[in-house]
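Here is a short report on one protein chain. Keep the 3D view open as you read.

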Amino acid sequence: MLTAPDVPARGAGRFAPTPTGRLHLGNARTALLDWLAARSAGLRTVLRVEDLDPRAIPDGILEGQYADLDWLGLTYDEGPNVGGPVGPYRQSERSDQYAAVLRALDGLGLLYPCWCSRREVRKAARAPHASDEGPVYAGTCKPARAAPLGDLDRLPQKRGRDPALRFDVASAFARLGLDALTYADRLAGPQRFDMITRMGDFVVRRVDGIAAYQIACSWDDVAMGCTRVVRGADLIASTARQLLILRALELPEPTYAHVGLVVDHAGRRLAKRDGDIALTELREGGVAPSAVIRLLARISGLPDTADLGALVDAFDLKTLDPGEVKLPPPPWF
Ligand SMILES: [Zn+2]
């Protein structure tokens, strides 16, 4: 069994961007709300870089994200640039810890190797269900009886292919006596996930040996003492998987608040490819950071000010709308 790591007594909020693209106004809103939630509750602020696969990180993006957050005045007590007691703060430097988490899950008999290609998973999927991670896995490679695999670095190949590792949701449910995964979201309210039928057995280690996001994120929140997670509503299904991992390992759970995503005035999701909303572009184009903070505060129903101290003083998570948040038509600045 994995023991809960030593963490600072004072809890933390965290902003955990994936540096695959530039931060945009929607990311900035999530960062701002997380930061305000932490500061207003007297918590530490942690910046964690979710660069699990460093090869997928384009040049300059990470530095650009740091510069964007600095520019907005969102400073972090701990992070890759400032260090801290529970680092490293880049996931690409934490793979040993994720391997230990996977070994602990394997010790409970909750993992099995899957040799299916993406195409095979799609073909065998139980229509019509699809989850946020794609088709619900049909269980093609699932063994009749769950048992520890042993050395996870020496799993056999099949058809010349190394396996991914999947998490056996039904076995975890049986172990925990669950018929659904439930939790109370601090913003979105009570949540219930029929994970077996709606989500299926998810990948926890990729074919290339890199731990999946669900493992890294759930573990890092615990190991970094992040007690309060504020993040975008697109991750709410991931929360079910992360909570199941934490509960199976009997680790402490953070509280979660999923904030509505920002859409443009026509109701479209903001995408990193939309240049006009990229923070780097605004920063380099001479827009004042105070104007950005003020716009984000306004669309979030917070006081109409760019004064971060005043926003901290006035902040109350419960007053946020968990639904989508619309940007007014441009120009904004
Ligand atoms: Zn398979």
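With 13 C-beta neighbours inside 10 Å, Glu250 counts as partly exposed, because exposed residues have 12 or fewer and buried ones 20 or more. This is a predicted model. Glu250 sits in the loop between helix H8 (236-248) and E11. Its phi is positive, about 55 degrees, although Glu250 is not a glycine.

Arg159 also has a positive phi, near 50 degrees, and is a residue other than glycine. Look for Arg159 in the loop between strand E5 (134-135) and strand E6 (164-167). Arg159 has 6 other C-beta atoms within 10 Å, so it is exposed. Most residues other than glycine have a negative phi, and most peptide bonds are trans.

## Two cis peptide bonds

Where are the cis peptide bonds? One joins Gly87 and Pro88, with omega at about 0 degrees. Pro88 belongs to the loop between H2 and helix H3 (95-107).

Another cis bond joins Pro330 and Pro331, and its omega is about 5 degrees. Pro331 lies in the segment after E13.

## Two domains

The protein is divided into domain 1 (12-92 + 227-233 + 253-326) and domain 2 (96-214). Taken over C-alpha atoms, their centres are 30 Å apart.

The domains touch. Eleven residues of domain 1 are in contact with eight residues of domain 2. What kinds of residue make up the side of domain 1 that touches domain 2? Eight are nonpolar, two are polar and one is charged.

## The sheet

Now find the open sheet of four strands. Its order is E2-E1-E10-E11, and the pairing is parallel. Strand E2 (44-47) and strand E11 (255-259) are the edge strands, so each pairs on one side only. On average, neighbouring strands are turned by 25 degrees against each other, direction ignored.

Take the pairs in turn. Strand E1 (residues 12-15) is joined to E2 by four bridges. Within this pair, Gly13 stands opposite Thr45 in E2. E10 and E11 run parallel and are joined by five bridges. Here Arg228 stands opposite Thr255 in E11. Is E11 mostly covered or mostly exposed? Mostly covered: four of its five residues are buried.

## Helix H1 and the cores

Helix H1 (residues 25-40) lies across E1, E2, strand E10 (226-232) and E11. H1 runs at about 170 degrees to E1.

The largest nonpolar core has 44 residues, and Ala28 and Leu32 touch the most other members. At least two core residues come from each of E1, H1, E2, helix H2 (61-72), E10, E11, helix H9 (279-284) and helix H10 (289-299). H1 supplies the largest share, nine residues. Which residues does Ala28 contact, leaving aside neighbours within four places in sequence? They are Leu23, Leu72, Leu279, Val292 and Leu296. A second, separate core has 41 residues, including Leu105, Met195, Val203 and Tyr213.

## A meeting across the chain

Finally, go to Lys318, in the loop between helix H11 (308-314) and strand E13 (325-326). Lys318 counts as exposed because it has 7 C-beta neighbours inside 10 Å. Lys318 and Arg186 are 132 residues apart along the chain, and 7.5 Å separate their C-alpha atoms.

Note on methods. Residues numbered from 1 in each chain as written. Predicted model: local features only at pLDDT ≥ 70, side-chain atom pairs only at ≥ 80, totals over all residues. Pairing = 2+ DSSP bridges. Axes fitted to C-alpha atoms, helices over the stretch in contact; angles between N-to-C directions. Contact = placed C-beta atoms within 7 Å. Core = buried A, V, L, I, M, F, W, Y, C linked by C-beta atoms within 7 Å. Domains from an automatic or database assignment. Nonpolar A, V, L, I, M, F, W, Y, C, P; charged D, E, K, R; others polar.
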